Amino acid sequence: MTDPVNNKPRRRFLGGTGAGAALLAIAPGVKLVDLALARDEDEPASAETRWGLLVDANRCATDCRACVSACEDEHALAKTGRKPLDPQWIRKVELVDESSDRSVSLPLMCQHCEDPPCVDVCPTGASFRRADGIVLVDKHTCIGCRYCMMACPFNARSFVHEDVTGQKSYSPRGKGTVESCTLCVHRVDQDRTPACVESCAVDGGGALAFGDLSDAESTVSKTVRSQPHRGLRPDLELNTGVRYRGV
Amino acid sequence: MTHRFVIGSLMIVSLTASSIADVTMPSYPKGKGERCVEPTDIMRRDHFEYLMHHRKISVHLGVRSKRHSLVGCVDCHASQADNGAYIPVNAPGQFCSSCHTYTAVKIDCFSCHAAVPDDVEKQ
C-alpha cells in the first residue's frame, strides 16, 4: 500500500502484530494507548512516522501571536536588542490577494520538507532530516556557513550571532550555529505536542494541529486526506510536512 | 660522560618530584546520589566518549535514554549555593571546570548547553 502523503510504502498498523492491538483495544475504535505515538525512550525515531503540522489559516487571527510567544518561551529565544539579529523560529505572515484585497494571516516556520534544500547544500552534514521527517541542525557539526539559510525557500532559519545564556536543557543554542523550528522534537519524543500547537489551542484560535501524516488514523492525516489544503511553494515539490488550509 | 648523565638524571628526578609536590590536585563538589552511571575511574578517562556517543544517537536518531545524557550529568553534578540557587557546573571550582582547568582542556559543551538544571532557571 502506498501512502499518498509520503509516496512511500505505508506502515501497517502495529507492524502487523494484531495480538498487541487486540490487547490494547477495549472495543473497536476505542484504544487505551495511542499506538501511533507510543515510543520507548531507547528506541530510535521510526521512518514509518511522518510528523506534520496542519495550519488552518481561517482560524488564525491577524493580531494573534500566541504561537510565536510560546515558541520563544519554550526555547528561551531571548531578544538580542537588535531586531535583525533576533532569533525567529516562527513568524506571522500576512498574505494579501491583490485582486480581491482578501488578507490571510498565517504562521510560517520550518516546513520540514521531505526533500529539504537546506540538507542538500549543507557541507558538513549538520542539516539533516530525521527518520520521522523532522528537519534539524546538529549544532555539534554546524560551522555557521549559512548556506542552508540561503537555500531555504521559506526563510525559516536564523543564525545565532552572539553568545547565548539561559538556554533550556532540552533546547541547546549557541553562537555561530544556525537554528530553526525543531517541531519541538524534545516534546515529540515524549509523546507531547509542540509548544505552538498547545498554546494555539488555549490562547489562539485552535488553528494548529499536529500529528502523524503516515498514520491513516491520525486527525491530521484524516483532514489532509479529506479536506482541501496545500503545502507552500508546491512548485518546488519539496513535499512539506507543514500543510495549510485557507491559503 | 657517565658522571654528567647521572647528575643530569638526578636533577630531573628531583625537579619532577618537587613540582608534583607543589601542584594542588583538583577538588570539586560531590555529586548527588550514591554513585555515577559508570565506575568513577572509567568516567574520569572516558566521559567524553559516552557523551559523544550519546549526542550522536540522541540528535540524529532520537534516542532519549537518560543514562549518558549531558542533562543527566548537570542534574547530578550542579551544586547549590547557600541561597539554593544552582551554580553552573563550568563555573570556577565546580565539577567540570576544576579538572578541566587542571588538565588545561577547554570545555565547549556549555556555550550551547545549559550548565544548571532546568527547574531552577524558571524560578
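Tutor: Start with a facing pair: Leu54(A) sits opposite Ala209(A), a residue of β10(A). Keep in mind that this is a predicted model.

Student: What stands opposite Leu208(A) in β10(A)?

Tutor: Val55(A) does.

Student: How many bridges join β3 to β10(A), and do they run parallel or antiparallel?

Tutor: Five bridges. Strand β3 of chain A covers residues 51-56, and the two strands run antiparallel.

Student: Remind me what holds such pairs together in general?

Tutor: Strands of a sheet pair through backbone hydrogen bonds.

Student: What is the strand order in the open sheet of chain A?

Tutor: β10-β3-β11, three strands with mixed pairing. β10 and β11 (242-245) of chain A are the edge strands. Each has a single partner strand, so one side of each lacks a neighbour in the sheet. From one strand to the next, the twist averages 20°.

Student: Is β10 of chain A buried or exposed, then?

Tutor: Buried. Five of the five residues in β10 (residues 208-212) of chain A are buried, so the strand is largely enclosed by the rest of the structure.

Student: Which residues cover which side of β10(A)?

Tutor: Leu208(A), Phe210(A) and Asp212(A) are on one side, with Ala209(A) and Gly211(A) on the other. Both faces are covered, and those residues are all buried. As a rule, side chains in a regular strand alternate between the two faces of the sheet.

Student: Switching topic. What is the mean pLDDT of chain A?

Tutor: The mean is 89. Of the residues in chain A, 85% reach 70 or more.

Student: Where in chain A does pLDDT stay under 50?

Tutor: Residues 8-25 of chain A are one such stretch, and the model gives that stretch 19 contacts beyond four places in sequence. Residues 29-36 of chain A are also below 50.

Student: Why should I be careful with coordinates where pLDDT is low?

Tutor: Low pLDDT means the predicted coordinates should not be read in detail.

Student: On to chain B. How many helices and strands?

Tutor: Five helices and zero strands. From the N terminus on, the elements of chain B run α-α-α-α-α.

Student: What share of chain B is buried?

Tutor: 17% of its 123 residues. As for contacts in chain B between residues at least 6 apart in sequence, 51% join residues at least 24 apart.

Student: Where is Arg64(B)?

Tutor: Arg64(B) is in the loop between α2 and α3 (70-77) of chain B.

Student: Why does Arg64(B) count as buried?

Tutor: Because Arg64(B) has 22 C-beta neighbours inside 10 Å. The cut-off for buried is 20 or more.

Student: What does Arg64(B) touch?

Tutor: Glu41(A), Asp189(A) and Ser58(B), leaving out residues up to four places away in sequence. Arg64(B) and Asp119(B) are 19 Å apart, C-alpha to C-alpha, and 55 residues apart in sequence.

Student: And Asp41(B), buried or exposed?

Tutor: Exposed, because Asp41(B) has 8 C-beta neighbours inside 10 Å. Asp41(B) lies in helix α2 (residues 40-61) of chain B. Its C-alpha is 33 Å from that of Asn83(B), which is 42 residues away along the chain.

Technical notes: Residues numbered from 1 in each chain as written. Chains lettered and ligands numbered in written order. Predicted model: local features only at pLDDT ≥ 70, side-chain atom pairs only at ≥ 80, totals over all residues. Helix = DSSP H or I, 4+ residues; strand = E, 2+ residues; numbered from the N terminus. Buried ≥ 20, exposed ≤ 12 C-beta atoms within 10 Å, placed from the backbone. Contact = placed C-beta atoms within 7 Å. Pairing = 2+ DSSP bridges. pLDDT = per-residue confidence, 0-100. Axes fitted to C-alpha atoms, helices over the stretch in contact; angles between N-to-C directions.
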